[in-house]
Amino acid sequence: MAPFGRDARLIGDALAARRIEVHVCQDARALMREIEKESAATILTEESLDEGTVAALRELLAQQPPWSDYPFVVLAARQTVRRTDRARSALQDLSNLVLLERPVNVDTLISAAQSAVRARQRQYLTRKHLAELQASKASVEQINGALESRIAERTADLASANDRLMREMLERERIENSLVQNQKMEALGRLTGGIAHDFNNLLHVVNLNLQLIERLKVNEERVRDYARRAKEAVDRGSRLTGQLLSFARTQSLVPRLHDLNALIRNMAELISISVGSHVRLNLALCAQPAFVIVDAAQMEMAILNLSVNARDAMPQGGTLEICTQISPAGVEGAAGEPGYPLGTADVTVRDTGTGIPENLLDKVFDPFFTTKQHAGTGLGLSQVYGFARQSGGSAIVESAVGAGTSIRLRFPLAPGPTEAVQEKAAAGRAIADARQAEILVVEDDPGVRRSMVESLQVLGFRVRQAADGASGLLELRKARPDLLLVDYLMPHMNGAELIAHAQKLYNDIPILMATGYADMNAVERLIGPQSVLAKPFDLDTLGSAVAAELQRGKSLP
């Protein structure tokens, strides 16, 4: 831009002669447009740098990118005096500046222009390299992003696989620990059962001999009192061995006549302590006694088990209700069902807990099924169900998610104590009718065998005896007794094997097994649960069982 005189034409001709493309601007506005079109350099005459042009150039240069340093060649007039401050400031604003004083040599001008063009080309090359670097950086960042995404996916997969592996390891460890614990408990159970069996035999001998002493005509009342107190101690010992055998799971149920309401009242404090203070216990027991024939210890264990399960379903607290109800004969669901001729007595344990999903209700009584994660063995409810079924009843569960769970145990209603007294009198008459029957006693323990023989003789029966299974088999072959009374655990030939031989010899022979430790399921399959007499027993129980078995044998076709 050289707007005065012929300077613009002369400069343009000189540069064009050296093949440098030139564009002449008539004013500052045209100059600004051309500079923004990526020109290489600008040649100005000093007199064209008025305040408006300098301000426009200053603004333009302030906006240039970091790689740009736009070159200027300024043709200055010869100065006879020093430049003014405004002129110096204007020139300083053009930072990349070549100042040529006129008159200027053509070659000098061309050289300065060529240098400015080369400098600008290097800047453009730098811009290109920066753009390539930016593109490369973007590409690298994109690749890094994809790589990080893949690494994150692989890490997530590995973490998921590791979590599964850890869960499997924990589950395997839990199962192994459970197996080891079960093996320990099984070994402890066998040891406990063996000790309880031997202790039962000792109690049995003491018990029968004490009853024989009570039946003697002794003048001193003190002797009878001593015998009575000793008998009470034997009863306590019998309950202890019963608990040990229950722990060892080698004893079948010992059903007795019990009032469900009384059982629940007696254990209310234990239930309250077991469920904790955050659970409120309500007892809704029916007004009349609910008599059933059950094993009291197993009944209490079942109710306690259900109560603890209800507590676990109410971690934030709630209400536990235990109800009893009698449904007499003729009510749907009680009468008409086999085994319920007198009606039913129901125990219902109800909670306000989380509930059980409908699709799991059919599985809650299955062995080893549990809704507790990594807690519990899944055997509690299956044991409750087994106890109810073994007692001639049933177990029913009702539940809804968020509405709590209700489990009802149903048992056949039994005759009350008045009827029981009448039945006992009838049993006494049956014993009298059965006297003079011949009984073969097979027992390997001499003390137990002697006490059983003497007890049966006191009751009026004729007795033969054998010390083991082989001797008992010889006695059976000699003559058929009216009843075979046999122990289970004996050396060489146990009671079950002897019974099998006896039934081959006499298929209708009445059999009574007296034992304190046995595989009761196998025995009951062989001779029936009604033919098992649990040690220790008293004279009345022995006489009733013998009479009942003899009567049952007579009623068989």
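Q: Let's start with H3. Which residues on its other side are exposed?
A: Glu51, Glu59 and Ala62 are exposed there. Keep in mind that this is a predicted model.

Q: And which residues of H3 are buried?
A: Thr53, Val54, Leu57, Leu60 and Leu61. Seen down the helix axis, the buried residues of H3 fall within an arc of 125°, so they line one face.

Q: What span should H3 have, and how far apart are its end C-alpha atoms?
A: H3 has 12 residues, 51-62, and at 1.5 Å a residue they should span 16 Å. The end C-alpha atoms are 16 Å apart, which agrees.

Q: Switching topic. Which residues touch the most other members in the largest nonpolar core?
A: Leu260, Met299, Ile303, Leu320, Leu409 and Phe411, out of 38 residues in that core. Helix H9, residues 296-312, gives the most to this core, with 6 residues.

Q: Stay on Leu409. What is it in contact with, leaving aside neighbours within four places in sequence?
A: Its contacts include Met299, Ala302 and Leu306, as well as Ala345, Val347, Val384 and Ala388. Asp346 and Ser394 are also among them.

Q: What about a second core?
A: There is a separate one of 22 residues, which includes Ala437, Leu456, Leu512 and Ala545.

Q: Now the whole chain. How many helices and strands?
A: The protein chain has 16 helices and 15 strands. Of its 557 residues, 39% are buried.

Key:
Residues numbered from 1 in each chain as written. Predicted model: local features only at pLDDT ≥ 70, side-chain atom pairs only at ≥ 80, totals over all residues. Heavy atoms only, no water. Helix = DSSP H or I, 4+ residues; strand = E, 2+ residues; numbered from the N terminus. Expected span 1.5 Å × (residues − 1). Buried < 20%, exposed > 50% of the residue type's maximum accessible area, 1.4 Å probe, protein only. Arc of directions from axis to C-beta. Core = buried A, V, L, I, M, F, W, Y, C linked by side-chain atoms within 4.5 Å. Contact = heavy atoms within 4.5 Å.
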